[in-house]
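This report describes one protein model for a reader who has not seen it before. Please look at the sequence and the structure first.

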Amino acid sequence: MIKPLATKILHTLFRNDFTTSFTSNRAAQLGIRQLVKELDYTRGIGAGAGVGTSGEEILTELLEDQNGTKTVFDVGANKGDFTDLIV
């Protein structure tokens, strides 16, 4: 129930001329990029965290919930912990 409501709110906020005119400039885009970087870091992306705290373990749980064959590419420069987790 909350997810569809949140999606509707986000679509309302970010699909109008006001928001587009407000964010369609270099300064706003740099701010958005920094915000996304910070949010990713709080999720463990780019934080150099282990698979248990970086969100990779949660990804495996989400993949298990999906039907069908999956292909996963581990393209990181780490020790292969993610590959060990997936296999």
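Helices (H or I, at least four residues) and strands (E, at least two) are DSSP runs, numbered from the N terminus. In these terms, the protein has five helices and zero strands, and its pattern along the sequence reads α-α-α-α-α.

The model is predicted, so local features need pLDDT of at least 70 and side-chain atom pairs count only at pLDDT 80 or more, while totals for chains, interfaces and linings use all residues. Residues are numbered from 1 along each chain as its sequence is written, and side-chain values use heavy atoms, with hydrogens and water left out.

Confidence is given as pLDDT, the predictor's confidence in each residue, from 0 to 100. The mean pLDDT of the protein is 77, and 83% of its residues reach 70 or more. Helix α1 (residues 2-14) has the lowest confidence, at a mean of 72, and helix α3 (residues 26-42) the highest, at 88. Where pLDDT is low, the predicted coordinates should not be read in detail.

Accessible areas come from the Shrake-Rupley method with a 1.4 Å probe; for residues, only the protein chains shown count as cover. The protein has an accessible surface of about 7,700 Å², and carbon and sulfur atoms account for 60% of it. A residue is buried under 20% relative accessible area, exposed over 50%, and partly exposed in between (1.4 Å probe, protein chains only). Of the 87 residues in the protein, 9% are buried.

| Residue | Relative accessible area | Class |
|---|---|---|
| V87 | 82% | exposed |
| I58 | 51% | exposed |
| E57 | 35% | partly exposed |

Helix α4 (residues 56-65) contains I58, and E57 lies in helix α4 too. Both residues belong to surface patches. Nonpolar side chains (Val, Leu, Ile, Met, Phe, Trp, Tyr) are joined within 5 Å, and like charges within 9 Å. I58, L59 and L62 form a nonpolar patch with about 270 Å² of accessible area together. E57, E61, E64 and D65 form a negative patch; Asp and Glu count as negative, Lys and Arg as positive, and His and the chain ends are not counted. The place of a charge is taken as NZ of Lys, CZ of Arg, CG of Asp or CD of Glu.

V87 lies in the segment after α5 (81-86). Its C-alpha atom is separated by 9.9 Å from that of V72, 15 residues apart along the chain.

Definitions and conventions:
Patch = residues over 30% accessible without salt bridge, like charges linked within 9 Å, V, L, I, M, F, W, Y side chains within 5 Å. Salt bridge = Lys/Arg side-chain N within 4 Å of Asp/Glu carboxyl O.
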